[in-house]
Amino acid sequence: QPFYLSCELNKERDVVWRKDGKIVSDKPGKFALGIIGLQRAITIMDADDNDGGEYTVTVADTDLSCKGTVKVVEMIKDWLVKPIRDQHVKPKGTATFSCDVVKDTPNIKWYKGEEEIPHEPNDKTEIVKDGPHIYLKIKNCTPDDVGEYAVEVEGRRYTAKLTLGEREVQLLKPLEDVTVYEKETANFDTEISEEDIPGEWKLKGEVLRPSPTCEIKAEGGKRFLTLHKVKLDQAGEVLYQALNAVTAAILTVKEIELDFAVPLKDVTVPEKRQARFECVLTREANVIWSKGTDIIKVGDKFDIIVDGKKHILVINDSQFDDEGEYTAEVEGKKTTARLFVEGIRLKFITPLKDQTVKEGETAYFDFELSHENMPVTWYKNDKKLHNSRTVRISAEGKNHKLEISEVTLDDISEIKAVVKDLHSQAALKVLEADPYFTVKLQDYTTIEKDDVILECELSKDVPVKWYKDGEELVASKRLSIKTDGKRRILKIKKASDDDKGNYVCDCGTDKTNCELKVEPRMINIERPLYGVEVFIGETARFEIEISEPDVPAVWKLKGEILTASPDCEMIQDGKKHILILHNCKLDMTGEVSFQAANAKSAANLKVKERPLLFITPLSDVKVFEKDEAKFECEVSREPKTFRWLKGTQEIPGDDKFEIKSEGTRHALIIKSVAFEDEAKYMFEAEDKRTSAKLIIEGIRLKFITPLKDVTAKERESAEFTVELSHDNIPVIWYKNDKRLHTSKVVSMKDDGKFHTLTFKDLSIDDTSQIRVEAMDKSSEAKLTVLEGDPYFTGKLQDYTAVEKDEVILQCEISKATAPVKWFKDGQEISPSKN
């Protein structure tokens with residue numbers, strides 16, 4: 001296979017390629033040196049072991065170099081150069097299977113079916129190896145030798161069949177070699193003497209079956225094989241075999257020459273649209289895209305798409321700068337096309353010009369574009385401008401205009417007009433001028449007794465004079481004249497009808513004037529009183545607003561004039577008047593009225609009883625039997641009447657039930673609860689109720705008297721007793737964790753709170769740990785059995801025998817070493833022959 005090495009320089013320079021220190025130059029069919037822009041490349045064709053090594057590229061006349069190591073790996077796809085073939089022989093004949101391996105290897109085995117054939121020759125088989133040629137001979141063939149044979153090379157098996165028969169086939173026309181290009185059709189044909197024998201086709205040792213790409217036909221003795229869309233890896237031996245007749249030919253598949261099946265075409269797109277160049281190769285390969293001498297890389301601007309043999313270059317957001325020649329190159333082949341961008345080639349016909357004006361004047365900026373109706377953005381010192389009182393932006397066709405009126409020294413700036421990616425700029429210069437009014441006096445209408453403030457502003461801080469109806473004004477108690485920077489202020493306190501007229505402010509080089517009107521004063525209710533509802537003890541607040549400040553007022557409640565006190569607060573805040581009544585009572589319900597000069601307003605005060613609410617209602621209570629239960633709740637105020645109920649029955653306070661009341665908090669305590677106390681409990685306050693349940697979760701069981709250790713002798717009895725805190729509780733007894741049941745030697749007794757376990761006729765084996773369980777409680781003790789006097793554990797049994805029979809009487813004693821005596825009818829028996 002070929003391989004490709006490349007590097008990229010930052011400047012145009014000659015380079016020298018070396019392999020293992022030796023200079024490499026162009027060699028047709030082997031080495032191809034390439035230059036693509038600043039990229040330097042070398043292509044090595046038909047790589048073999050000799051092409052492995054260290055490759056170095058050095059910039060001519062410098063020490064600058066880079067290197068890389070290449071390793072060529074041999075990939076053996078098929079170990080057999082000449083495949084194994086089926087054999088057909090006559091009975092007692094010799095069948096010879098032969099094949100050629102690609103290279104010598106010791107790992108070769110022959111098989112018949114799954115049984116390995118020995119390497120040593122014998123009367124039946126012989127394995128021969130002659131360099132790459134290997135053979136298997138089957139001698140004196142019989143029906144038992146018929147079957148499938150295989151040669152295994154490096155773990156890969158290749159099979160062939162042995163058939164036996166007297167019949168033979170003659171080959172009339174052998175196969176001929178065929179050479180095609182990949183993806184073309186290859187046709188093979190042969191002819192045999194026997195029409196009824198179908199035979200078998202193989203490609204590179206593999207049996208061929210009919211498929212969309214493999215067509216097998218027979219016409220009399222003629223046999224045809226057609227392979228469609230041939231691939232490179234199908235190159236190899238094509239074999240046809242019919243019994244003993246075998247013919248083979250070589251299928252050669254050539255790689256399609258790499259070229260551009262569809263070359264690039266010129267592309268024309270509108271500005272800012274996406275442009276696409278497409279080309280199609282004769283076969284799949286890597287394409288290098290370039291614009292002029294610059295290699296194109298994938299990024300925001302360019303996308304490169306590969307779809308099999310089709311290669312696409314996408315140019316995003318096409319601009320006029322993107323116009324030019326674009327090239328696709330692959331292994332020395334090139335195709336080139338041009339990109340044309342259509343759109344507006346905008347330019348300034350008449351650019352902006354610098355402007356110089358005096359303070360207070362208007363500055364004009366204008367320019368002409370090459371196209372009409374183009375959106376333009378104006379900037380003043382890089383700050384975007386908008387239409388305002390002093391700024392006016394206009395456009396008419398290709399002409400655009402900016403007007404800045406009443407300019408000041410602060411307007412000295414750089415003016416810029418931006419349209420698309422173009423801009424034009426000019427300087428605005430402002431010369432200092434005579435003082436003038438930048439903010440002029442405005443006509444003013446006021447109400448009698450109101451304060452009047454007349455203001456104006458100058459371009460410079462210079463002295464001014466104020467006039468009324470032609471007469472100069474001077475400061476007085478009612479009239480104040482102030483200066484605040486460039487601002488000039490005239491203030492008239494509590495204006496009267498005499499103050500109306502024409503007022504002028506004069507700075508010597510400019511004047512500004514206004515008319516002052518004074519209208520008669522009327523007190524109006526701007527926000528009236530509104531009715532208020534409160535609960536006993538709460539605070540009521542009344543608020544009214546009139547049109548004039550500092551007007552004395554009178555408040556009344558139910559016709560009675562109110563005066564300030566701890567419970568009555570009257571506040572005046574400019575035009576706003578506030579009445580606050582603290583700690584309201586029921587008898588204060590009635591009309592509240594307000595009067596200030598001619599202004600009057602009234603509203604109702606309603607004082608209500610506070611409703612009774614449960615702030616904390618009752619909650620269900622869960623306790624164990626005999627514990628104390630407590631129900632608690634809290635109401636919003638002290639109730640006039642209240643009571644506790646169990647179900648529908650009222651609960652009196654006694655030894656069982658304790659009733660507590662502390663202000664708004666109420667509690668019911670039930671002492672030593674029993675299961676019969678489970679019920680729904682209710683607290684009733686006036687007409688309000690809250691309820692909850694008492695739930696008894698069970699008994700709080702405990703051992704009053706736990707188990708105690710017991711020690712007894714063999715054959716005696718042992719008794720364990722416990723006392724519980726409750727009657728009639730079932731218990732379970734255990735001996736060494738094994739549950740006990742009543743038996744001949746074990747008895748259990750329950751008597752109210754007392755529970756007893758008794759063991760009778762104890763033995764040494766009864767020594768153990770005794771445990772009793774009641775509900776989730778348990779108690780343990782140890783039973784110790786001491787050794788006692790010997791006794792009979794197995795007693796004699798009455799026996800009836802037949803005369804002259806042998807009689808055996810036996811018993812068992814608790815101690816094996818204990819001496820015994822035998823007696824018959826009171827007489828001691830001694831051993832004898834009988």
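Start by selecting lysine 202 and valine 207 in this predicted model: valine 207, in strand S21, is the bridge partner of lysine 202. Now widen the selection to S20, residues 200-203, together with S21; the two strands run antiparallel and are joined by two bridges.

Next, bring in the rest of the sheet. It is an open sheet of five strands with mixed pairing, in the order S18-S25-S24-S20-S21. Colour S18 (178-181) and S21 (206-207), the strands at the edges: each has a single partner strand, so one side of each has no neighbour in the sheet.

**Annotated spans**

From here, move to the stretches that the unreviewed UniProt entry annotates as "domain: Ig-like": residues 94-163, 435-505, 611-695 and 790-834. Two of them are worth a stop. Select 94-163 and you have a span that is 60% strand and 0% helix, with its end C-alpha atoms 12 Å apart. Then select 611-695, where the chain is 54% strand and 0% helix, and the end C-alpha atoms lie 32 Å apart.

**Salt bridges**

Time to show side chains. Side chains of opposite charge can pair when their charged atoms come close.

Go to glutamate 686 and arginine 637, a salt bridge whose closest N and O atoms are 3.1 Å apart. Which parts of the chain does the pair link? Glutamate 686 sits in the loop between strand S69 (680-685) and strand S70 (688-696), while arginine 637 sits in the loop between strand S64 (629-635) and strand S65 (642-646), 49 residues apart.

Now pick aspartate 382 and lysine 416, which form a salt bridge at 3.5 Å, N to O. Aspartate 382 is in the loop between strand S38 (377-380) and strand S39 (383-384), and lysine 416 is in strand S42 (residues 413-419), so the pair ties together parts that are 34 residues apart in sequence. Aspartate 382 is exposed, with a relative accessible area of 62%.

For another pair, select glutamate 278 and arginine 276, where the closest N and O atoms of the salt bridge are 3.6 Å apart. Glutamate 278 is partly exposed at 35% relative accessible area, and arginine 276 is partly exposed at 37%.

Finish with a group: select Arg527, Arg541, Glu543 and Lys576, which are linked in a network of salt bridges.

Conventions: Residues are numbered from 1 along each chain as its sequence is written. This is a predicted model: local features need pLDDT of at least 70, side-chain atom pairs count only at pLDDT 80 or more; totals for chains, interfaces and linings use all residues. Side-chain values use heavy atoms; hydrogens and water are left out. UniProt positions are given in the numbering used here, feature names are shortened, and annotations may be inferred rather than shown by experiment. Helices (H or I, at least four residues) and strands (E, at least two) are DSSP runs, numbered from the N terminus. Two strands pair if DSSP finds at least two bridges between them. A salt bridge is a side-chain nitrogen of Lys or Arg within 4 Å of a carboxyl oxygen of Asp or Glu. Buried means under 20% relative accessible area, exposed over 50%, partly exposed in between (1.4 Å probe, protein chains only).
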